Amino acid sequence: HENGIFHRDLKPENIMLRRSTDSVVLIDFGVAKVTDSVIAPTTTEGQSAGTLMYMSPEQLRGERLTAASDIYSMGVIAYEMVAGRRPFNPTSPAELLECQRKGVDLKPMALRRNLPPRAQEVILRGLSFKPAARYSNAKQFGDNLAHALSDSSLHQKNKQWLKVSMAILGIALFSFVVYKIIIRNGKTPLNRSFSYFLTVQEMRD
């Protein structure tokens, strides 16, 4: 984007992960828009190009494209990654444009309950109908989403350990109370130990 290159066809099939690394590689710049090219005229305006389900509103209307158009496509991909489905599933460009204008009906958190609210805010902002309402650059969008998801992961782990600690503490207190009651009543049990077992299992979602 900083070099005046807009992909125009961002979708899962065009995003690759380099083997054994965290590097992400974008492929298929066949319909990319290159501004200020020194070897060819700037890509013609007024033509729609890309994959329908991931196209921005301005892309559908054949308007002038900016980085905001690719950021919209990133928003669709992010929604699909966390929710397991795309925000819109129209049958025609006109229907898609109308859905985009109305906004996302089914919020990501409705499909993934443990998704942090902040992550949902980032994704929905990326899917704003007006380009000016989206993030100013792709890095800002990606960083904000990554931070929201990372903070959520750490929070979930801390929450799980807190539950386990509270359960163990509760059992220990219960054991102590039972023991004190028995002593107070003057009864000496044959076995003063209290046996119990605790199973901790992590469940999906």
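Which residues does S128 touch, not counting residues up to four places away in sequence?

Good morning. This is a predicted model, in which local features need pLDDT of at least 70, side-chain atom pairs count only at pLDDT 80 or more, and totals for chains, interfaces and linings use all residues. Residues are numbered from 1 along each chain as its sequence is written, and side-chain values use heavy atoms, with hydrogens and water left out.

Let me begin with the overall layout. The protein chain has six helices and four strands. Helices (H or I, at least four residues) and strands (E, at least two) are DSSP runs, numbered from the N terminus. From that end on, the order of elements is β-β-β-β-α-α-α-α-α-α. Of the 205 residues in the protein chain, 29% are buried. Here, buried means under 20% relative accessible area, exposed means over 50%, and partly exposed is in between, with a 1.4 Å probe and protein chains only. Among contacts between residues at least 6 apart in sequence, 54% join residues at least 24 apart; a contact means heavy atoms within 4.5 Å.

Now to the opening question. S128 touches Y72, A133 and R134, leaving aside residues up to four places away in sequence. S128 is found in the loop between α5 and α6, and S128 is buried, with a relative accessible area of 16%. The side chain of S128 also reaches the backbone oxygen of R125, at 2.8 Å. Such a polar contact is a pair of N or O atoms within 3.5 Å; within protein, one must be able to donate a hydrogen and the other to accept it, and residues adjacent in sequence count only if both atoms are side-chain atoms.

R125 leads us to the aromatic residues. The charged end of R125 sits over the ring of Y135, 4.0 Å from its centre. This description requires NZ of Lys or CZ of Arg within 6 Å of the ring centre and within 35 degrees of the ring normal. A search of the whole structure finds one aromatic pair. How are the rings of Y135 and F141 placed? Their centres are 5.7 Å apart and their planes are at 70°, so the pair is edge-to-face. For reference, rings of Phe, Tyr and Trp (its six-membered ring) pair if their centres lie within 6.5 Å; planes under 30 degrees apart count as stacked, over 60 as edge-to-face and the rest as tilted. Y135 is buried at 3% relative accessible area, and F141 is buried at 2%.

F141 also belongs to the largest nonpolar core, which has 25 residues; Y79, I123, L127, F141 and L145 have the most contacts inside this core. A nonpolar core is a set of buried Ala, Val, Leu, Ile, Met, Phe, Trp, Tyr and Cys residues joined through side-chain atoms within 4.5 Å. The elements that give two or more residues to this core are α2, α3, α5 (117-126) and α6 (138-184), and α2 gives the most, with eight residues. Y79 touches, among others, G84, L111, I123 and L127.

In α5, the buried residues are A119, Q120, V122, I123 and G126. Seen down the axis of α5, they fall within an arc of 160°, so they line one face of the helix. The arc is that of the directions from the helix axis to the C-beta atoms. In α3 (93-102), the buried residues are L96, L97 and Q100. Their arc is 100°, so they too line one face of the helix. On the other side of α3, A94 and K102 are exposed, while α1 (57-60) and α2 are among the elements covering the buried residues.

Q100 is buried at 2% relative accessibility. A polar atom of the side chain of Q100 lies 2.8 Å from the backbone oxygen of M55. Residues that Q100 touches include M55, Y72 and F129.

I close with the backbone. Most residues other than glycine have a negative phi. Another is S20, with phi near 65°, in the loop between β2 and β3 (24-26). S20 is exposed, with a relative accessible area of 77%.
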